[in-house]
Amino acid sequence: MFESEQMKNRAIPTAKDKTLFTPGPLTTSLNVKQAMLRDAGSWHFEFNEIVAQIREDLLDLAGVAKADGYTTVLMQGSGSFGVESVIGSVVPPDGKLLIVANGAYGDRMVKMAERLRLRHRVLRFPENVTPDPSEIDRLLLEDPEVSDVAGVHCETSTGIENPITEIGRVVKARGKIYIVDAMSSFGALPIPLKNSGIDYLISSANKCIEGVPGFSFVIARRDALVATEGSARSLSLDLLAQLKGFETNGQFRFTPPTHSILAFEQAMRELDDEGGITARCERYRRIHKVLVSGMRRMGFRTYLPEEVQSCIITSFYYPSDSKFSFPEFYQKLSEKGFIIYPGKISQADLFRIGSIGRIFESDIRSLLAAIQETVLEMELCLEEHSFEPSLAAK
Ligand SMILES: *Cc1c(COP(=O)(O)O)cnc(C)c1O
């Protein structure tokens, strides 16, 4: 049978994966991948010790302690499972959830609330604008039935960084429970848990901690969680039951993501070796800065105003040249070994480039060179900037 050149090439195993410039799953270190080459019995004490250690290390990383009343719950599944677990478990039957949304992940929480038939309200802001705490305050004053407020830290759909601490002050001043989706920021951006009044912070294994997919985790105020007894609307995503499992026999209630836990243990070690949150944040910021200035030099424009742009992921407008096609652009970059990400908002044609994961400045410089080459191949005409807008040191 005749095989095309392409088919033949595809059959050649390569040792190297394409580099991911995505919001997760991300490029991980070789040691993180190798940590998974084991079979860990989920009942075995060695595995349970790893789980216990991870739960403690996550509190350390969050800058809180058991003695301050915080605890960690690991939950099987991707990040959304963690969010749904919190929303579906902690809002009391007679409570009402206020969702503050300015992007796709805020909207996902709204869909969860609808599906769970939770009483809820939505306060929406445009995708390039951060939520205004005073508007949240006004709504809480006007609707005293609201018991819980949920928001997103870094809205990965655009890359906007929301003011979770300022929002938290308002939420706590009104005595409400505060839930934060910090999926794409925890481990890289500093989050003052206590000062922000966060009762439940949700993140997952495969974002800034640079582990592999398989579970999410919730850092919770233990008292608040214990007080939710009887509120869970799901069996497998019951957050309090999951905590009780860890506290009684040290185990996940159902099959644990063993390989993902082993990879995570190594990823946490590497985060520590790198110098913790401060150093990781520094690397991501540097990468983001090199990316943005390189893209601007070629004539690409960023979507978000500088003041609200995070260093996690950056949205770029499609070039106005009618020869531009995102699928073709994506394909050509993929053939060169680089994976970027489509946009995720309705109001503008954007693509996204992530600066998180086990990537370095040299990877970004290679990506920029590949983009330049692709622009030439596609014969795209981009407006060249004669000056570079100053980059706030974010
Ligand atoms: C990645 C992410 C999620 C979860 O997405 P999954 O695909 O379920 O892992 C939720 N919120 C934010 C802000 C995210 O970046």
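Analyst: Helices (H or I, at least four residues) and strands (E, at least two) are DSSP runs, numbered from the N terminus. The model is a predicted one, in which local features need pLDDT of at least 70 and side-chain atom pairs count only at pLDDT 80 or more, while totals for chains, interfaces and linings use all residues. Residues are numbered from 1 along each chain as its sequence is written, and side-chain values use heavy atoms, with hydrogens and water left out.

The loop to start from lies between helix H10 (239–249) and helix H11 (258–274), and glycine 250 is found in it. Leaving aside residues up to four places away in sequence, glycine 250 touches Asn48, Val51 and Gly245, where contact means heavy atoms within 4.5 Å. Lysine 176, by comparison, is 74 residues from glycine 250 in sequence and 31 Å from it in space, C-alpha to C-alpha.

Val51, one of the residues that glycine 250 touches, also takes part in a helix contact, as Phe47, Ile50, Val51, Ile54, Asp57, Leu58 and Leu61 in H3 meet Thr258, Ile261, Leu262, Phe264, Glu265, Met268 and Leu271 in H11. Two packed helices are described by the angle between their axes and the distance between the axes. Here the axes of helix H3 (residues 45–62) and H11 come within 10 Å and cross at roughly 40 degrees; axes are lines fitted to C-alpha atoms, for helices over the stretch in contact, and angles run from 0 to 180 degrees between N-to-C directions. H3 and H11 are therefore oblique to each other, given that angles under 35 degrees count as roughly parallel, over 145 as roughly antiparallel, 65 to 115 as roughly perpendicular and the rest as oblique. H3 passes H11 in a left-handed crossing (the near helix is turned anticlockwise from the far one by less than a right angle, and clockwise in a right-handed crossing).

Two other helix pairs can be read in the same way. The axes of helix H6 (residues 133–142) and helix H7 (residues 164–173) come within 9 Å and cross at roughly 20 degrees, and H6 and H7 are therefore roughly parallel to each other. Their crossing is right-handed, and the contact is made by Pro133, Ile136, Asp137 and Leu140 of H6 together with Glu166, Ile167, Val170 and Val171 of H7. Helix H13 (residues 326–335) and helix H14 (residues 361–377), for their part, pack at an angle of about 130 degrees with their axes 10 Å apart, which makes H13 oblique to H14. H13 also passes H14 in a right-handed crossing, and Phe329, Lys332 and Leu333 in H13 meet Ala370, Ile371, Thr374 and Glu377 in H14.

A polar backbone atom of glycine 79 is 3.0 Å from an oxygen atom of the ligand, and a polar side-chain atom of threonine 156 lies 2.4 Å from an oxygen atom of the ligand. On the side chain of aspartate 181, an N or O atom is 2.6 Å from a nitrogen atom of the ligand.

Two other loops hold backbone details. Most residues other than glycine have a negative phi, and most peptide bonds are trans. A cis peptide bond joins glycine 24 and proline 25, with omega about -5 degrees, and proline 25 has its place in the loop between strand S1 (19–20) and helix H2 (30–34). Glutamate 210, a residue other than glycine, has a positive phi near 65 degrees, and is found in the loop between strand S9 (200–204) and strand S10 (215–221).

Notes. A polar contact is a pair of N or O atoms within 3.5 Å; within protein, one must be able to donate a hydrogen and the other to accept it, and residues adjacent in sequence count only if both atoms are side-chain atoms.
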